[in-house]
Amino acid sequence: METMGFDWEAVVYRDFDVDLDEPGRRSGAALDALLDDLEVPADAEGFELVGEWTDALFRTLNAGLPALLERLAHPDPGIRRILAVVLAYVRSARAVPAVAARIEREPDAPARLGLLVALGPYADDPEVEALLRRRLDADPASSLGAALAFLLHTPPAVDDPVLDALTLCAGEAGAALRELAWCDPEWNDPVKATDHWLWRSPELRSRWLDRMFPLLWNGALPASSAAALVRAADRLFLDDREEHRRQASAVTALLSHPDPDVRRTALAAHDLYRDDAYADALVGALDDPRLAGRALLLLTHRDDPRGVPTLQRRIAAGEAARLPLREAKAFADALWPHVRARLAGATAPAEIEELLKGTAGWPGGAEAVPEVIGILERLSRDLLAHPDPEALEAAARACGFLRRRALADERALTVLREVAAGPDLETALAAIRALMGLGEHADPEIVALLLGVLSRRDVHGRQEGRRGWRYDRNACGWLGELGPRARAAAPALRVHRDTSPVDALRVAAADALWRITRDPDEALPTLIPQIPNDPMRVLHALTSMGRAALPALPAIRSHTEGDDDLAKRARETARHLESL
C-alpha cells in the first residue's frame with residue numbers, strides 16, 4: 001500500500017462524529033459496496049479508535065491509491081459518490097491530477113460536487129485554486145462544491161463569490177449535496193450541513209445568513225430551511241449581541257412571514273427573546289393562536305409584564321395546563337388573585353394539579369390557603385369511593401402547598417392530620433410528608449403516623465401508588481430519614497423485618513433500622529440474602545452503609561461475574577467498598 005495520509009480528525013471533529021457507526025443506511029451501504037469492489041478484506045487495517053464509520057473510511061486505503069483513482073471512472077455513480085467522500089480525507093498530492101481531470105468529465109452532479117470538496121486541501125496550489133475559481137461560475141453543484149472546498153480548507157479565501165455560491169445549498173446544488181454522505185437525509189439536510197461547516201467562522205456565518213434570510217422571503221428557500229437559519233442566528237446573537245444584532249432583526253422579521261410554519265420556526269429561538277425588538281414582535285404574536293403559547297412563554301422568560309394580561313385571562317379561562325406558570329413567578333402578586341378565584345371554582349382535578357404545580361415556587365399565596373384546604377377535604381372524600389390518578393395527584397399537590405404555606409394554620413393542620421390518618425394510603429403519605437415540615441417537635445406524631453401506614457398497608461388492595469411507589473417502602477424510608485429521632489419505631493420495624501412475607505418490606509425495614517440505630521447487625525443479615533432479588537435497592541443500601549457494610553463484601557463479590565444488571569451493580573458496589 002502506498003503511503004497516504006488520512007485526515008481522521010476532519011472525519012470525527014468536523015464532518016461526522018466520534019463513535020459514529022454510519023451517517024445513514026444509504027451511506028453505509030455505499031461504503032460497503034466500495035470496500036467490496038476494492039476487495040478489501042474485513043480484517044484489513046482500520047482506525048477503530050474513533051468509531052466504525054471512520055474505521056471503514058480508513059480501510060479503503062488498504063487497496064492503494066491507484067485502485068482508488070481507478071474507481072473514479074466506475075460505472076456505478078453510487079460508487080463514485082462515496083469514493084469522492086473517501087478522497088476528501090486522503091492526503092496525497094499524487095491524487096490531485098486524476099481528481100482534477102475527472103471533474104472536467106464527471107457527468108454525475110453529486111460525484112462532481114464531492115470531488116471538488118476533495119480538492120480543498122490543495123487549494124493553496126495556484127492551479128487547484130484556479131480550477132476551483134472557475135468552477136464557482138459553472139453549474140450549481142460545481143459552484144457549491146468549489147465553495148465548500150474553500151470554506152473547509154482556506155477560510156481566508158472565502159470572499160463574496162464564494163459566499164454567494166454557498167447560498168446554493170438549498171436548491172439544485174443542495175439536492176446534489178444530499179446524495180453524499182455528508183448530508184445523508186437520515187440525519188442532515190443541505191442548509192443545516194452548510195451552516196454546520198460555517199459555525200467555526202462567525203463572521204462568515206453572519207455574512208452567509210445575510211444572504212440566506214432574503215431567500216426565505218422571495219420563495220427561493222423552502223420553509224423547512226428556516227429552522228437551520230434561525231438556530232444559526234440565535235447562536236450568533238448569544239455569542240455577541242451587538243455584533244450580530246442584524247441577525248436578530250432578520251429573525252424578528254420572520255414573525256410576520258406569510259407562511260405560518262416560518263413564523264412558528266422564528267419562535268423556536270432560545271436566546272433571541274432577550275432582544276427588545278424581538279420581544280416587541282412577541283407581543284404582537286400573542287394575537288396569533290398558532291404562536292401565542294410560545295410567545296407567552298418567551299415573554300415570561302424575560303419577565304416582561306406585557307404577558308401578564310394574557311396570563312390572567314387564560315388562568316380565568318381554565319387553561320392552566322397550557323400556561324408557563326412556573327416561569328411566571330415574577331408576576332405572582334398580579335396572578336395570585338386569578339389563581340385563587342380559579343381554585344375556588346375549579347372542579348377538575350387535572351386543572352387543580354396544574355395550578356398548584358405551576359405556582360409551587362411562587363412567593364406569597366397565603367391568601368389561597370382556605371381554597372386549598374377545601375380542595376384537599378373534597379378530594380380526600382372523593383378518593384374513598386374512586387382512587388382516580390388525577391385526583392391523587394391533585395391531593396398530593398394540595399398537601400405540598402399546605403406544607404409550604406400553611407403549617408401555622410390550625411385548620412390546615414387539622415385537615416392534614418385527618419388525611420394522614422385516613423384510609424387512603426397514598427394521600428395519607430402525602431399529608432404525612434407535609435406534617436414532617438413541622439420539625440423535630442412533631443417526631444412522635446410522625447413516627448406514629450408512619451407506623452400506622454405500615455399497619456394499614458393492604459387497605460383498598462393498593463400496595464403501590466400511581467407511580468409504582470410502595471407505601472410500606474416509603475414509610476420505612478421516611479422513618480430512616482428521621483434517623484435516631486425515629487428510635488421509637490425500631491421494635492415495630494424489627495417485626496416487619498423478621499416476619500413479613502413481603503421481601504420489599506423486609507429490605508426497607510432493615511435499611512431503616514440501620515439508619516436509625518447505626519447497628520449493621522440490624523440490617524446485614526436481611527440485606528445480604530436479598531442481593532439477587534432486588535440488586536438496585538439492596539446494593540444501594542449497602543453502599544450507603546459505608547465501612548459498616550464490609551462484612552457483606554464476600555457475598556457481593558459472589559455476584560460480580562457476568563454482564564447482567566446484577567453483576568454490573570455488584571462490581572460497582574464492591575469497588576466502592578474496597579476503596580474505603
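Reader: Is E578 buried, partly exposed or exposed?

Author: E578 counts as partly exposed, at 42% relative accessibility. Buried means under 20% relative accessible area, exposed over 50%, and partly exposed in between, with a 1.4 Å probe and protein chains only. Before going on: this is a predicted model, where local features need pLDDT of at least 70, side-chain atom pairs count only at pLDDT 80 or more, and totals for chains, interfaces and linings use all residues. Residues are numbered from 1 along each chain as its sequence is written, and side-chain values use heavy atoms, with hydrogens and water left out.

Reader: Which side chain does E578 meet in a salt bridge?

Author: R557, at 3.0 Å from N to O. The pair links distant parts of the chain: E578 is in helix 33 (residues 565-578) and R557 in helix 32 (residues 553-557), 21 residues apart. Helices here are DSSP runs of H or I with at least four residues, strands are runs of E with at least two, and both are numbered from the N terminus. R557 is partly exposed too, at 40% relative accessibility.

Reader: What's the salt bridge cut-off?

Author: A side-chain nitrogen of Lys or Arg within 4 Å of a carboxyl oxygen of Asp or Glu. In general, side chains of opposite charge can pair when their charged atoms come close.

Reader: How many salt bridges in the whole structure?

Author: The search finds 50. One of them joins the side chains of E186 and R25, 3.1 Å from N to O.

Reader: Where do K357 and E354 lie?

Author: Both are in helix 21 (residues 349-358), three residues apart, about one turn of the helix. K357 is partly exposed, at 24% relative accessible area.

Reader: Which residues are linked in a network of salt bridges?

Author: D160, D164, E203, R207 and R211.

Reader: Switching to the surface. Which residues form the negative patch?

Author: D124, D125, E127 and E129. Patches take residues with over 30% relative accessible area and no salt bridge; like charges are joined within 9 Å, nonpolar side chains (Val, Leu, Ile, Met, Phe, Trp, Tyr) within 5 Å. D124 sits in the loop between helix 7 (109-118) and helix 8 (126-136). D124 is exposed, with a relative accessible area of 66%.

Reader: What about A394, buried or exposed?

Author: Buried, also with a value of 0%. A394 lies in helix 23 (residues 389-405). Its contacts, apart from neighbours within four places in sequence, are P349, I352, E353, L356 and L379. L376 is 18 residues from A394 in sequence, and the two are 8.3 Å apart, C-alpha to C-alpha.

Reader: Where's H244?

Author: In the loop between helix 14 (226-239) and helix 15 (245-254). H244 is counted as buried because its relative accessibility is 6%. It touches P202, S206, L236 and F237, not counting residues up to four places away in sequence.

Reader: And where is F331?

Author: In the loop between helix 19 (308-316) and helix 20 (332-345). F331 counts as buried at 11% relative accessibility. With residues up to four places away in sequence set aside, F331 touches D303, D304, P305 and V308.

Reader: Last topic, backbone. What is phi of E39 near?

Author: Near 60°, a positive value in a residue other than glycine. E39 is in the loop between helix 2 (25-37) and helix 3 (52-59). E39 is exposed, with a relative accessible area of 69%.

Reader: What about phi of R518?

Author: R518 has a positive phi near 60° as well, and is not glycine. Its place is the loop between helix 29 (503-517) and helix 30 (524-527). R518 is partly exposed, at 48% relative accessible area.

Methods
Areas by Shrake-Rupley, 256 points an atom, 1.4 Å probe, with all protein chains shown as cover. Lys, Arg positive; Asp, Glu negative; His and termini not counted. Charge placed at Lys NZ, Arg CZ, Asp CG, Glu CD. Contact = heavy atoms within 4.5 Å.
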